[in-house]
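Thanks for coming. Please have a look at the model on the screen, and I will then go through it part by part.

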Amino acid sequence: MLRVGPGLAADFIFCPVVRSFSLQYLCLETMDSCDTPESTPRQRASSRLKDYFIGATPLQKRLESVRRQTSFVPTPPRRKIPQCSQLQEDVDPQKVAFLLHKQWTLYSLTPLYKFSYTNLKEYSKLLGAFIAAEKQKGLAVEVGEDFNIKVIFSALLGMKGTQRDPEAFLVQILSKSQLPSENREGKVLWTGWFCCIFGDSLLETVSEDFTCLPLFLANGAETNTAMIGTWFQKTFDCYFSPLAINAYNLSWMAAMWTACKMDHYMATTEFLWSVPCSPQRLDISYAIHPEDAKALWDSVHKTPGEVTQEEVDLFMDCLYSHFHRHFKIHLSATRLVRVSTSVASAHTDGKIKILCHKYLIGVLAYLTELAIFQIE
Amino acid sequence: MRRARPAHLNPGGGVGTLEALGTRRVLGPTKTSRSKDKTLEKHLKTVENVAWKNGLAPEGIDVLLNVALSGKFGSAVSTQILKCMIPATLISEDSVVKAVSWLCVGRCSGNTKVLFYRWLVAMFDFIDHKEQINLLYGFFFASLQDDALCPYVCHLLYLLTKKENVKPFRVRKLLDLQAKMGMQPHLQALLSLYKFFAPALISVSLPVRRKIYFKNSENLWKTALLAVRQRNQRPSPEPLKLMLGPANARPVKRKWNSHSVIPVLNSSSCSKECGKKGMSLSDYLSSNGSFPLEQLKSFPQLLQNIHCLELPSQMGAVLNNSLLLHYINCVKDESVLLRLYHWLSQTLQEECIWYKVDNYEHGKEFTNFLDTIIRAECFLQEGFYSCEAFMYKSLPLWDGLCCRSQFLQLVSWIPFSSFSEVKPLLFDHLAQLFFTSTIYFKCSVLQSLKELLQNWLLCLSVDIHVKPVMNSPLETTLGGSMNSVSELIRYVGWLSTTAMRLESNSTFLLHFILDFYEKVCDVYISYNLPLVVLFPPGIFYSALLSLDSSILNQLCYIMHRYRTNLTAAKKNELVQKTKSEFNFSNKTYQEFNHYLTAMVGCLWTSKPFQKGLYIDPEVLEKAGVAQYKSSLNLVYHPALLSYAASFLLQEWPEERTVNLSSIRGKKWNWYLDYLFSEGFQGLKLFIRSSIHRSSVP
């Protein structure tokens, strides 16, 4: 069943029989080997920093926030398990369905300067003209003219974590069919959306001229993303950077998404590790029945409603040692590149697919956090 | 003959070649032999190489256009020349006008004409002016009748047409052509442009749907155009490798469609105007009221229009524009600075080469980018917060080699802030590199820390005199600020002491350390700031007992300045009478006096280390220096011994033995004068200020 050789992915599924005894064993095994660091003494300094906030300008607030980010543990050692939030209920279910089950490429985005939600129509026209102009270089293009493509800006109402979060919005590029048939709205060429879920730490450091939507998700040809991104960068003086997810954050995702309560599971829980060896790299795929994964999680999970760093490490360690016991391979020495669960799947390249609409906000909150970390 | 010789030649090389071509042009095809063809080919090859590598100067293009369009060497050579007419930066309008005049003579083939028009379209943006060319509009328009030329001439006219060029007779002619040739995309393009300028003149309906109007004329020169654009964007023209092949696919993608890291200067018309309904292209073109940045060329212009200046759509563009840096310097708008902050932080992070495992090919680009930032910081005399934030993240990953000079310059521009807060983020990481790197790295770090200190002091001394201290943003009191500076100085003292031990008291290193203290000792007087910090003993004694006379001299100078500063401080205290927060503690004075005693003991009274130093007499006996007490002064000091000897040899050449102990009394004074004449100015100042000359030993 397991074939570990260059270029071949080792694929196997846990037998349910293994579940009961192995978990207990794993837990015992990892109890003494757990040595996660306690919160660092540096955190004590935070009260002193507060003094500097008094009368500080946004720029200094930014710098202070960067200092905090850099000097403390990079990410907080505990997070909430994603919950079904109330705000989500006024989201248009059709739009949510549109966002699910698609692969999105992630970008972080610095605050947009002088962006206004009342101008979405004008932006559609301008962006449309810009794309047309880019496609036929050197020719004059008039704003508002009729092109082969159509750009639609629309707000994603309710897609936010708190009331302070700015409204998310969606940009779609549609091709117009050449024939004036009834189906004039052609197929969607490109989609991208901007959002900010629980972005308080960023919001407090900018002035009102800016709109903070640090997370940008795109689906479509990269040339289109580049063109549209360029327009945004030129128009709102912002900056897009690809948002990669490192192995550390992937394991957090694995733990948090496994912890989510599901009515029924849609997919197996699967991990992909990569061994950088030549001439071809070796991928190890590790698939677990989602209920087994949940059972493992429940056995390491102590704090109700929260996930701690200690638990994440323990969860991963259990998986590692189980794998080692069977295959004598130390996964901890390889690199985690992909995590898929019934909630969502994420790749280290910065690609994400969200499957479960119930935890959409929760997934986006963590991604927003990563995006904010990148732009600090 | 002489008329034909080009007076100016292209700087990139191929001088002889151009001359040869120029001469041959006059000689003409009358004498064509095989060997001549060979040399011509060789010369053409050289021109081609230079053109594709560095581009041709305007004068070179002028000469070559003449050669190509005169058609003297036949169509093939003309084609070859036209294909490599790549400007280094710009093309002069005159050359184009001259070239067009050759077209009237009818000496070049149809193919050459086509190629010339394609070239003109491709290079249109690099022609320095277009007024003269626009005067030839009628001529170009007449060329539309030539079927082969028509598409390219259309494209040229499309680029050239202004509103005043649209005339009823031209519209009629175009419509005639269209009737004759059918719906040609290039004619449609020109017509639609005419219709845009003068809707009343054209009643025919044109298809709304756009398609590609023109065949891409740029194809032949695509990579070259990119290179020229890049050259023109850079502040300093530099040799540039052409972007060839698919190897560069990824970085282009990474940077999306901008050619350089720093965005091009554009007025921010879009985001401001798009709120208004019904804006059209002509509204954009004729918008008045604010002053467009593209026209900003001089400082007086900036002053006149500073109230109505349109800010760039991407704030990063200011880095390349010194006039806008002036503006940034005095603007109070926080959002301007925030925009710059965000852009700069992200760009630094994205471009930083040591974040990428396999991307060292962009090293040069990143170095240039850092250089631009540093230039801007020097210009503003102020560091950017984004650079500081960038250093927090990147310093722990830095290898100490990559862009070393730039990175250390960034260190010296860290904006003033609380040292204790910055220390764990920056200086602790820097210290790790400092201790594990070569002596040259240590010296560079000390140098940039000296500059950092200087920048902080300048910033504080201006701050104190401009605004009341209480409003200072980061530190609430002057005391706090002074505290931060003194912490920096003590930190450098610690670094220096350890480095001296690691580098076994290297004189070279000590020079850099003393350079730092030359700044430190003068803070009170030079910057008018209440701060005197002395050097640590490890530095003082190493310098005092150094074998190098220039070190000793520098030490004397520093001690002299310390004395002057401390005396001035004492005087001010006495004048003010009131106990202010900044009275120096007695400890500083005691410390100074202690050093002073040691120095005078070692250099003057031959009584070194009277207090606080005990050496077992037995050890001294063994070393043969039981009389050590009398053997350390200006004569016997290891750094000065050779001066004492040459002094004796010079003054009493007839003496058979050099008797150093004879330097006393009057001779001592002569010896001193001898030393001063040898350039020991620091020593002179020190002795004048610190030693009462009555006490001749």
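Accessible areas here come from the Shrake-Rupley method with a 1.4 Å probe, and for residues only the protein chains shown count as cover. On that basis chain A exposes about 16,800 Å², of which carbon and sulfur atoms supply 55%.

Some ground rules. This is a predicted model, in which local features need pLDDT of at least 70 and side-chain atom pairs count only at pLDDT 80 or more, while totals for chains, interfaces and linings use all residues. Residues are numbered from 1 along each chain as its sequence is written, chains are lettered from A and ligands numbered from 1 in the order in which they are written, and side-chain values use heavy atoms, with hydrogens and water left out.

Chain A, then. It has 11 helices and 15 strands; these are DSSP runs, H or I of at least four residues for helices and E of at least two for strands, numbered from the N terminus. Of its 376 residues, 55% count as buried. Buried means under 20% relative accessible area, exposed means over 50%, and partly exposed is in between, with a 1.4 Å probe and protein chains only. A contact means heavy atoms within 4.5 Å. Among the contacts in chain A with a separation of 6 or more, 71% are between residues 24 or more positions apart.

Next, some strands of chain A. Two strands pair if DSSP finds at least two bridges between them. Strand S13(A), residues 335–340, runs antiparallel to strand S10(A), residues 269–275, and five bridges join the two.

Leu360(A) is 16 residues from Ala344(A) in sequence, and their C-alpha atoms are 8.7 Å apart. Leu360(A) belongs to helix H11(A), residues 360–375. Leu360(A) counts as buried because its relative accessibility is 1%.

Now a helix pair. Two packed helices are described by the angle between their axes and the distance between the axes. Axes are lines fitted to C-alpha atoms, for helices over the stretch in contact, and angles run from 0 to 180 degrees between N-to-C directions. The axes of H8(A), residues 247–259, and H10(A), residues 309–327, come within 9 Å and cross at roughly 90°. H8(A) and H10(A) are therefore roughly perpendicular; the cut-offs are 65 to 115 degrees for that label, under 35 for roughly parallel, over 145 for roughly antiparallel, and oblique for the rest. On the H8(A) side the contact includes Tyr248(A) and Trp252(A), and on the H10(A) side it includes Phe315(A) and Met316(A).

Which residues of chain A does Arg339(B) contact? They are Tyr113(A), Phe210(A) and Asp237(A); within chain B, leaving aside neighbours within four places in sequence, Arg339(B) also contacts residues including Pro312(B) and Met315(B). Arg339(B) sits in helix H18(B), residues 334–351, and is buried, with a relative accessible area of 3%.

Asp237(A) has a backbone feature to point out: a positive phi of about 45°, although it is not a glycine. Asp237(A) lies in the loop between helix H7(A) and strand S9(A), and is buried at 2% relative accessible area. Ser504(B) also has a positive phi, near 40°, and is not a glycine either. Is Ser504(B) buried or exposed? Ser504(B) is exposed, with a relative accessible area of 60%, in the loop between helices H24(B) and H25(B).

Last, the cores. A nonpolar core is a set of buried Ala, Val, Leu, Ile, Met, Phe, Trp, Tyr and Cys residues joined through side-chain atoms within 4.5 Å. The largest has 158 residues, and those with the most contacts inside it are Phe427(B), Leu634(B) and Tyr671(B). Helix H23(B), residues 439–466, gives the largest share of this core, 11 residues. Apart from it lies another core, of 70 residues, including Leu65(B) and Tyr137(B).

H23(B) also holds Lys450(B), which counts as buried at 16% relative accessibility. Beyond neighbours within four places in sequence, Lys450(B) contacts Asp515(B), Phe516(B) and Lys519(B).
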